[in-house]
Each structure stands twice: as structure tokens, then as C-alpha cells.
Amino acid sequence: MFNVLDILGTIAFVISGSLSAMHRKLDLFGIFIIAFVTSIGGGTIRDILIGNTPVSWMQNTTTMYLIGGVTIFSIIFRNKLDYLKGSIFLFDTIGLGVFTIIGVETGINAGLEPIVSVALGATTGCFGGVLRDILCNEIPVLFRKEIYATASIAGGVCFMVLYSFDLDQNITYISTAMLIIIIRLLVVKYKVSLPLFTTANNDLTN
Amino acid sequence: MFNVLDILGTIAFVISGSLSAMHRKLDLFGIFIIAFVTSIGGGTIRDILIGNTPVSWMQNTTTMYLIGGVTIFSIIFRNKLDYLKGSIFLFDTIGLGVFTIIGVETGINAGLEPIVSVALGATTGCFGGVLRDILCNEIPVLFRKEIYATASIAGGVCFMVLYSFDLDQNITYISTAMLIIIIRLLVVKYKVSLPLFTTANNDLTN
Amino acid sequence: MFNVLDILGTIAFVISGSLSAMHRKLDLFGIFIIAFVTSIGGGTIRDILIGNTPVSWMQNTTTMYLIGGVTIFSIIFRNKLDYLKGSIFLFDTIGLGVFTIIGVETGINAGLEPIVSVALGATTGCFGGVLRDILCNEIPVLFRKEIYATASIAGGVCFMVLYSFDLDQNITYISTAMLIIIIRLLVVKYKVSLPLFTTANNDLTN
């Protein structure tokens with residue numbers, strides 16, 4: 001099951017990454033790099049933080065062939081994929097949901113505390129997109145309006161609770177992923193946003 | 001003693017991080033992320049460089065509760081904290097001083113050479129702020145005028161010298177932290193700056 | 001031989017890094033930081049990915065003295081060095097060639113698959129420049145026109161092929177480095193560029 005999740009999340013992030021690179025008018029090579037970084041970034045940082053080295057994608061060439069293949073697929077079918085309005089958003093959210101689950105479960109298996117496992121899940125889910133944005137010199141997705149990390153953390157907490165009830169694994173996986181996807185969709189549909197706290201002194205030079 | 005330093009540095013960086021996030025008008029979640037990254041960033045990179053994994057904040061849930069609590073405190077008392085003009089600068093400098101000490105001492109305990117330990121101290125002290133600036137898509141604090149890393153390196157050298165004399169630990173700690181804080185205050189007060197070296201050819205495209 | 005390569009690549013990247021910092025009008029300390037990050041960045045990320053910690057530059061103080069010395073040399077002879085039009089480009093390309101070789105060979109010695117070793121070589125060659133650009137808040141060199149990573153990957157593939165024929169090591173090293181340097185020179189001379197793939201929908205907010 002773990003493997004299926006990994007493949008599903010990688011495919012989703014490769015599609016969202018390569019569509020997003022094409023929107024930014026990067027050349028052929030830029031598309032491959034962004035697809036690669038978006039799909040392996042979160043897992044790589046997770047592996048580095050817990051000391052699981054060489055990191056996963058280095059131990060398993062399947063990942064590299066999968067990324068290469070799906071990127072070529074995305075380039076060929078770019079206009080078909082783009083027909084679905086918001087398709088980057090969709091695939092990005094699927095990737096976020098799946099990689100959050102993998103991250104939380106990795107944390108549990110490494111014997112980390114629940115709150116730390118949730119943080120590891122959020123790191124795994126979010127940092128592919130964060131690295132992509134840093135490489136493109138944009139404000140990371142974390143700080144944009146779509147409540148990215150909040151959805152991932154809510155999913156991680158949901159996973160920990162269901163996991164503690166010892167339910168069937170598939171139910172835990174599917175509920176967590178659905179929760180993350182639904183939160184992001186609702187947030188975008190109803191334009192929810194988190195509260196701001198302004199200070200009297202707003203001098204940015206401080 | 002080590003633990004007290006760790007808590008002190010974390011509190012200082014959480015306050016400077018969350019004030020700085022509020023100045024940037026980030027939402028509730030953005031404030032938590034920036035506070036988290038600013039306070040654990042330097043130590044995380046230190047742990048990764050020397051191979052101390054899972055990194056410190058993953059082995060000790062106290063850090064996460066401390067960061068959460070102090071961030072909430074900073075949000076509630078944001079206007080009080082902001083009354084102290086330059087309070088971000090103040091807390092940032094305290095964090096820099098304390099984390100530099102922790103970094104240098106970690107290097108010594110890991111058996112690294114003095115010059116490498118000083119570099120590890122500067123990394124630990126500076127990279128929380130650097131990561132914060134990268135995530136916010138700003139020029140990292142390292143390259144701004146306030147002589148950030150230079151103060152940290154001077155403090156690290158001071159620590160190594162006092163350490164070699166085998167003085168009382170507390171004297172070494174306090175002298176190092178004071179030196180870093182005083183250097184930064186003097187630099188800001190007297191607008192000291194390091195020399196520039198211009199080249200005949202200033203073509204930025206090169 | 002390995003050691004000679006390491007020294008050569010470090011010198012090349014320190015010169016390109018410090019010239020590039022002076023072009024950006026950074027102060028004395030900024031020049032040292034950029035020279036340091038450009039020259040150790042790729043190797044540090046390589047070591048972290050494969051779990052070789054403490055990372056190389058921490059185990060060997062020679063690297064730090066070499067970086068310090070060559071940076072001072074570059075500052076003193078900045079105008080001489082700058083006379084060679086495109087000298088940043090030249091030294092950067094030498095560093096790219098040499099560090100790609102070191103990275104691929106490290107991957108082979110760590111028992112990684114050929115395709116993974118090539119990726120590790122490209123990471124080692126490119127990430128010094130990428131980190132430099134991220135710290136300076138610029139679009140990383142990877143996405144600029146000069147076909148940086150493509151040259152590094154081509155060199156890595158060439159190295160793997162020659163290596164499998166069990167040729168004399170020096171021939172393998174020199175052919176790989178020459179190939180990378182020639183590709184970059186030809187690309188700049190003839191303004192080659194990789195194909196773009198545009199989508200019907202170019203909404204960057206997606």
C-alpha cells in the first residue's frame with residue numbers, strides 16, 4: 001500500500017510541477033528540474049531530517065524513471081491537462097494529501113512523538129512546493145492564501161487520531177487524504193482566510 | 001546550563017520571528033511558521049551538517065510546545081513588545097548570541113577543529129534568520145548592513161579563546177554573548193560598515 | 001588525483017563566487033560568504049544526501065584556509081582577473097566540470113545506480129551556484145539561458161560511459177571536464193536554447 005501511495009503522490013506532483021513550469025515558460029530542461037524538485041523535495045527533506053540516507057529517491061531508480069515518464073506525458077498532453085481549469089491546484093492537492101500521509105507514517109515508524117510526526121507529515125507534504133517556489137524566486141506557496149500547510153496539519157492530526165483507534169489502514173489513508181482535499185477546496189470556494197494581527201508599528205525595516 | 005541557553009535562544013528567536021511576521025502582515029499560520037523556522041532553522045542545519053539525526057527539535061517535544069506558547073504570547077502582547085523600539089533587533093541579537101555559543105560548543109563536543117567549530121557556531125546563529133528571509137523572498141539578513149555574521153564569528157572566536165583558558169563556563173558564555181550583542185549595537189549606533197571592493201567591470205549579467 | 005580535483009574545483013568556484021559578489025557590490029564579509037557558499041555548497045548537499053556527515057569541509061580545515069586565501073587573492077587581483085572578459089563564466093564552468101566528476105565518482109563509490117550517480121554529479125556541480133543565487137535573491141543559474149545543468153548531466157553520462165570501459169582514470173576525468181566546458185562555450189557562442197512548451201492557458205496565478 002505504501003508503495004502505491006508513493007507512486008500516486010509522485011505522479012500528482014510531477015503533473016502539477018510540470019504544468020506550473022510550462023506556465024512559467026521555462027525551457028525543456030527547466031520543466032524536468034521543476035517536476036523533479038516538486039515531486040522529491042518533500043521526501044528528501046523528510047529523509048534528511050530523520051537521517052534516512054542515502055535519501056529515498058537515490059535508493060530506488062524507479063522514482064527517476066517515473067518522474068521522467070510522467071513529465072514527458074505532461075508535456076505531450078499539456079493542453080488536455082490544462083483543459084481542466086484548476087488542474088495544477090487539483091494535482092497539487094492530491095500530492096499534498098498523499099505525501100502528508102507518507103510523512104506522518106514515516107514519523108510514527110521512526111518512533112517519533114505524535115506532534116513531531118504531524119510536523120514531519122506537513123514538511124513532507126509542503127516542501128516540494130516550497131522548494132519549487134524558492135527555485136523560481138517566488139513567495140512560497142505556504143504564505144499564499146490557499147491554506148496549504150494548515151490543510152496538511154489538519155490531515156496529519158486526523159491521521160494520528162484514526163491511527164490510534166487501530167482502524168483498517170485504508171480507511172485511515174482515504175479519510176486523511178479526503179479531509180485535506182476537502183479543506184483546500186472549501187477554502188478556495190468560500191475564500192476563507194486566517195486572521196491577521198497587525199502591530200501599531202509597521203515599519204518593515206525592523 | 002546548556003538547556004537554559006537553548007530555551008533562552010528559542011524564546012528570543014520566536015519573539016523576533018513572530019514580530020517580524022506580523023510586520024509583514026502574514027496571517028495566523030504564517031506567524032507560527034516564521035516563528036518556528038526562525039527558532040529551529042539554525043540548529044536544524046547544524047544537526048544536519050554534523051549528522052545528528054533525527055534533528056534536535058524532533059527528539060524533544062518541549063521545543064514545539066515552547067515555540068507554540070511563546071508565539072501566542074507574542075501575538076497577544078504584540079503592541080507591548082513593539083513599544084520597545086527596535087525590539088525585533090534586540091531579540092534577534094540575543095538569539096544570535098546564544099545560538100552562536102550553542103553551535104560552537106556542539107562543534108567542540110563533536111571533536112571538530114576550532115575554525116570549523118566557529119563556522120558551525122555562525123551557521124547555527126545565522127541560519128534561522130537566513131531561512132526566514134528566504135521563505136519571505138527577501139535578501140537574507142547576512143547581506144544587510146547590520147554586520148550579522150561578522151558579530152557571530154567574532155563571538156565564536158572569543159568563545160574558543162576563553163574556552164582554551166579553561167575558565168568557568170558561565171564566564172565564557174556571558175562574555176561571548178555580551179561581545180556579540182555589543183558589536184551589533186555599536187555597529188548600528190555608529191553606522192560602521194565593512195569595506196567594498198568594486199571592479200572596473202560591473203556588468204551584473206556576468 | 002581526487003584531492004587535486006577537489007582543490008582545482010574549489011579554487012575555480014571561489015574565484016567565480018568572489019568576482020560575482022564584487023559585481024553585486026557586497027561588502028568584504030559578503031564576498032567571503034558568497035565565495036564560501038559557492039565553493040562548498042554543491043559538495044555539502046551531496047554529502048547530506050548520501051549521509052556522509054560531518055560533511056567534507058568540516059573534516060578538513062585545508063578547505064577553509066584555501067577558500068580564505070583564494071578569496072583574498074581574488075580581491076587583490078580583482079581587476080586583473082576581470083580583464084579576461086567572461087572570467088566569471090570561465091571559472092564557473094571549470095568548477096562545474098570538476099565538481100560534476102567528483103559527484104559522479106562519489107555516487108559510484110557509494111554503490112549508487114548509474115542514473116542516480118549522474119544526478120548526484122549534477123547536484124554537486126550545480127548547487128553551489130544555486131545556493132549563491134538563492135542567498136542573493138536571484139533566479140537560480142539553472143533556469144538561465146546558459147544550459148548549466150544540461151552540460152553537467154551530459155558530462156556525467158560521458159563519465160559513466162568511459163568509466164564502464166575501464167580506461168585510464170585521467171582520460172576519463174579530462175574528457176568529461178572538456179565535454180562540459182565545450183558544451184557551455186558552444187551554447188553561449190551559438191546561442192543554442194532548449195525548446196519551450198507553452199500552454200493555451202498561461203495564467204500564472206494557477
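A:R132 is buried, with a relative accessible area of 4%. That value comes from a predicted model. A:R132 forms a salt bridge with A:D92, and the closest N and O atoms are 3.9 Å apart. The cut-off for a salt bridge is 4 Å. A:D92 also counts as buried, because its relative accessibility is 5% and the limit for buried is under 20%. The arginine sits in helix α7 of chain A and the aspartate in helix α6 (residues 87-109) of chain A, so the pair ties together parts that are 40 residues apart in sequence.

The pair does not stand alone. Salt bridges that share partners join A:R24, A:D92, A:R132, A:D133 and A:R184 into one network. Over all chains, a search of the whole structure finds 15 salt bridges.

In chain B, the side chains of B:D47 and B:R46 meet in a salt bridge, at 3.2 Å from N to O. B:D47 counts as buried at 1% relative accessibility. B:R46 counts as buried too, at 9%. In chain C, C:R46 forms a salt bridge with C:D47, and here the closest N and O atoms are 3.2 Å apart. Both C:R46 and C:D47 are buried.

Now turn to the contacts between chains. How many salt bridges does the rule find across the interface of chain B and chain C? It finds zero. One residue pair is in polar contact across this interface, with both residues at pLDDT 80 or more. By class, the side of chain B that touches chain C has 22 nonpolar, eight polar and three charged residues. In total, 33 residues of chain B are in contact with 32 residues of chain C. The two chains bury about 3100 Å² between them, 71% of it on carbon and sulfur atoms.

Next comes the interface of chain A and chain C. The contact takes 32 residues from chain A and 33 residues from chain C. The area buried between these chains is about 3000 Å², of which carbon and sulfur atoms give 71%. Between chain A and chain C, the count of residue pairs in polar contact is one, with both residues at pLDDT 80 or more. On the side of chain A that touches chain C, the elements that give two or more residues are α1 (2-23), α2 (28-50), α3 (56-59), α4 (61-76), α5 (78-83) and α7 (114-135) of chain A. Of these, α2(A) gives the most, with eight residues. The class count for this side of chain A is 19 nonpolar, eight polar and five charged residues.

One residue shows how chain C reaches chain A. C:F197 lies in the segment after α9 (169-190) of chain C. Leaving out residues up to four places away in sequence, C:F197 touches A:M22, A:L28, A:I31, A:I75 and A:R78. C:F197 and C:T172 are 25 residues apart in sequence, and their C-alpha atoms are 35 Å apart in space.

C:T100 is in helix α6 (residues 87-109) of chain C. At 0% relative accessibility, C:T100 counts as buried. A polar atom of its side chain lies 2.6 Å from the backbone oxygen of C:L96. Which residues does C:T100 touch, not counting residues up to four places away in sequence? They are C:G121, C:G125, C:S152, C:G156 and C:I180.

Last, look at helix α4 of chain B. This helix covers residues 61-76, and at 1.5 Å a residue its 16 residues should span 22 Å. The end C-alpha atoms are 23 Å apart, which agrees. The buried residues of α4(B) are B:T61, B:T63, B:M64, B:I67, B:G68, B:V70, B:T71, B:S74 and B:I75. An α-helix has 3.6 residues a turn, so residues three or four places apart point the same way.

Definitions and conventions. Residues are numbered from 1 along each chain as its sequence is written. Chains are lettered from A and ligands numbered from 1 in the order in which they are written. This is a predicted model: local features need pLDDT of at least 70, side-chain atom pairs count only at pLDDT 80 or more; totals for chains, interfaces and linings use all residues. Side-chain values use heavy atoms; hydrogens and water are left out. Helices (H or I, at least four residues) and strands (E, at least two) are DSSP runs, numbered from the N terminus. The expected span of a helix is 1.5 Å times one less than its number of residues. Buried means under 20% relative accessible area, exposed over 50%, partly exposed in between (1.4 Å probe, protein chains only). Contact means heavy atoms within 4.5 Å. Buried area is the accessible area (1.4 Å probe) that two parts lose on being put together, summed over both. A polar contact is a pair of N or O atoms within 3.5 Å; within protein, one must be able to donate a hydrogen and the other to accept it, and residues adjacent in sequence count only if both atoms are side-chain atoms. Ala, Val, Leu, Ile, Met, Phe, Trp, Tyr, Cys and Pro count as nonpolar, Asp, Glu, Lys and Arg as charged, and the others, Gly among them, as polar.
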